[in-house]
2 protein chains.
Amino acid sequence: MRNETFVLDRASTSRPAARGQTVSPLDRALLKMIQGAVGSDPIRIQLWDGSTGYASRAGAPAVTVTIGDRATLLRLLWNPDFWFGESFTRNRLSVAGDIGTVLESIYRNYPERGALPGWLGRIRAALTASNSVVRARHNIHHHYDIGNDFYHLWLDNALVYTCAYFPSPSLSLEQAQDAKMDYVCRKLWLQPGDKVIEAGSGWGALAIHMAMRYGVSVRAFNISRAQIEFARSRAAELGLQHRVEFVEDDYRNVTGQCDAFVSVGMLEHVGLPHYHEFGEVIDRVLNPTSGRGLLHFIGRNRALPLNAWIRKRIFPGAYVPTLGEVADQVLEPWNLSILDVENLRLHYAKTIRHWRMRFDSAAERVTKMCDEEFTRAWRFYLAGSEAAFATGWMQLFQVTFARSRTNQIPSTRGALYQ
Amino acid sequence: MRNETFVLDRASTSRPAARGQTVSPLDRALLKMIQGAVGSDPIRIQLWDGSTGYASRAGAPAVTVTIGDRATLLRLLWNPDFWFGESFTRNRLSVAGDIGTVLESIYRNYPERGALPGWLGRIRAALTASNSVVRARHNIHHHYDIGNDFYHLWLDNALVYTCAYFPSPSLSLEQAQDAKMDYVCRKLWLQPGDKVIEAGSGWGALAIHMAMRYGVSVRAFNISRAQIEFARSRAAELGLQHRVEFVEDDYRNVTGQCDAFVSVGMLEHVGLPHYHEFGEVIDRVLNPTSGRGLLHFIGRNRALPLNAWIRKRIFPGAYVPTLGEVADQVLEPWNLSILDVENLRLHYAKTIRHWRMRFDSAAERVTKMCDEEFTRAWRFYLAGSEAAFATGWMQLFQVTFARSRTNQIPSTRGALYQ
């Protein structure tokens, strides 16, 4: 079961304890159905006794997946979207080789239109993602208050936890995050003295970048205390505390007026039922004649609820919208004009690959900080996310918009590329 | 009533014959309501006897609008969206000065959210724009079979009747149309040998451009015979008849397979109830793994039916969608990934300004070719269109999309601007 291509997934080579169950012909028949999920890719899926439906004529497998017991086998058939991640996390399913390869294969072999139709996806999404102010606070603490030390282990120095931008493929993660922040500023054609409101400011990197490099003043809203504290102290170190204000509050309570509104990586946490409200906030604070804004968010081609395992373990309350949902429900009611949309999904696949490499190097420290199960959950989440963007299962949209009547907009996009 | 800024609107200075009706206090009260539509702009609106609600302290008016009789006054109050255009066309309302100034003022003074809510707009749109194959043929003949000679009077040489692209503001109309066609080709990263299907090919300029400059082969569909004949003979003159095939057929009957699908300025004629069908055609013909496409269409920020007068006189069956409607109804059902959206509305305002100048110079010839009413209708339509794009009332979207699983997409947009 040793594997030469193993790079990213050291800890997962530990095979779950065999549970002494005898493998029956029924188990083997069920296994065959699971093997089908990876098509003809060189991925061996085996039971706890080593029996497999993998055809040896397909050559040596690049990765081997071992299902640890019968309960896991049945769960994988019942609800694979949830139980693949959960069984891996609980160490009842092991992967020798790169789990990313398995996840990419599953996404690639998923029937193109096997998912729920749009309207059903929308209903399920509405039922599963109602984020009140209190609920939102709980959800965000779940993910972002794990502790800054944890994120320092595998993000860049400035702790930018959103898709980077690689104008040249050889950029480091740090350079690409810097390039992304600059790209956002240029898409908003920020001018010295502009007032900017940011909703969901993470560890403050973009707010600080805007103030420092573009001479604007920023009010940045966030409900994660751990992030806010880090952001404030970084702004103070840089002497920017008078130009960047970090406010610990929900986006719904955003106040003030701005020339530009920006939100990077927060819409995913808003939930479809709150899009109208989110648009209302933008409309309330944005300069009524010349205001413009940018939304940067994970999207998808078709309306579907977010993977159940991700919702339980990683992002409670999250929902990933289609571009149409954002256009219809966030921007249309307020007559905002969409100026520019860019899909950066391959940049996100690359960003996450960087994170995974760093996470893997830090895996032992993560396990000491939390526990083995936590490490396994995060490894699965990062591998799954990279695979989702690499296979076109997920998209990353940057949407630039403006008040409908302003003609003070760049006449072409050429300046973004000079 | 003479006006120095008068440039574009020579023929409309003729004032309609006064009809000898005595102006009553009620007429003057109604007039005041109409004057409100242009806010405090220097536009004098007056009745057939010269009485006006225009405040002389606002200075000399830039434009004067004369309402020719009481029936026209009442119609303007009853349904201004229809009767302003119709009264102008029938010469029962005259404009001294640039009618474009009046239309821009009306758009700018329109209450930001005074229009129909989205859902009502969608229902009205669905009721008013069901274009069967037969109906579509009738509608398209109405507009495009007026005669190529007519369009030669005021379009560019290659008869491109869609938004141009001005990468530099000083380009001529011809240069800007050429730049637009090239921009479309580059957005589709066309490669020599690619097969392209074009739905709605106008007079064939884009199809010919693609074949001649990018070495692709094109099948172009159109239901306007006058356009097809012109396009075929132009392709033959250039020796391109083996690489560009013009097919006289409805988009629903498009056959073949292609690497790239393109449609410029046709979606407006499809009608919302047929978007699903339109997407189905794209899905049917597009290379299932690496295919990509571009839709170029007039859009708007909020779902509304098209102006009733435009639908009657100019574009029967037309509907102008929101970006969300196109995303949801054309692309989402087929799991197509939106890669890039650009709003070029100010380029369209500029394009139409060029057309208006040329149209105005040719107005006498147009009147000889058709009649005075036709000339007035087209003048109103062109002025209204320019105003709609200049004020943000209408948008012009270019949407680039691709099959969801292909990673053979440009990593950045930089190459478009080199």
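**View 1. The two domains of chain A.** Chain A is divided into domain 1 (10–109) and domain 2 (122–417), with bounds that come from an automatic or database domain assignment. The centres of domain 1 and domain 2 of chain A, taken over C-alpha atoms, are separated by 35 Å. This is a predicted model, in which local features need pLDDT of at least 70, side-chain atom pairs count only at pLDDT 80 or more, and totals for chains, interfaces and linings use all residues. Residues are numbered from 1 along each chain as its sequence is written, while chains are lettered from A and ligands numbered from 1 in the order in which they are written.

**View 2. The contact between domain 1 and domain 2 of chain A.** To this contact, domain 1 of chain A gives 17 residues and domain 2 of chain A gives 20 residues (contact: C-beta atoms, placed from the backbone, within 7 Å). On the side of domain 1, the elements that give two or more residues are α3 (80–89) and α4 (99–109) of chain A (helices are DSSP runs of H or I with at least four residues, strands runs of E with at least two, numbered from the N terminus).

**View 3. The open sheet of chain A.** Three strands form an open sheet in the order β1-β2-β3 (chain A), with mixed pairing (strands pair if DSSP finds at least two bridges between them). Because β1 (43–46) and β3 (93–96) of chain A each have a single partner strand, they stand at the edges. Strand β2 (residues 63–67) of chain A pairs with β3(A) in the antiparallel sense over 4 bridges. A:T64 has A:A96 in β3(A) as its bridge partner.

Key: Two residues are in contact if their C-beta atoms, placed from the backbone, lie within 7 Å.
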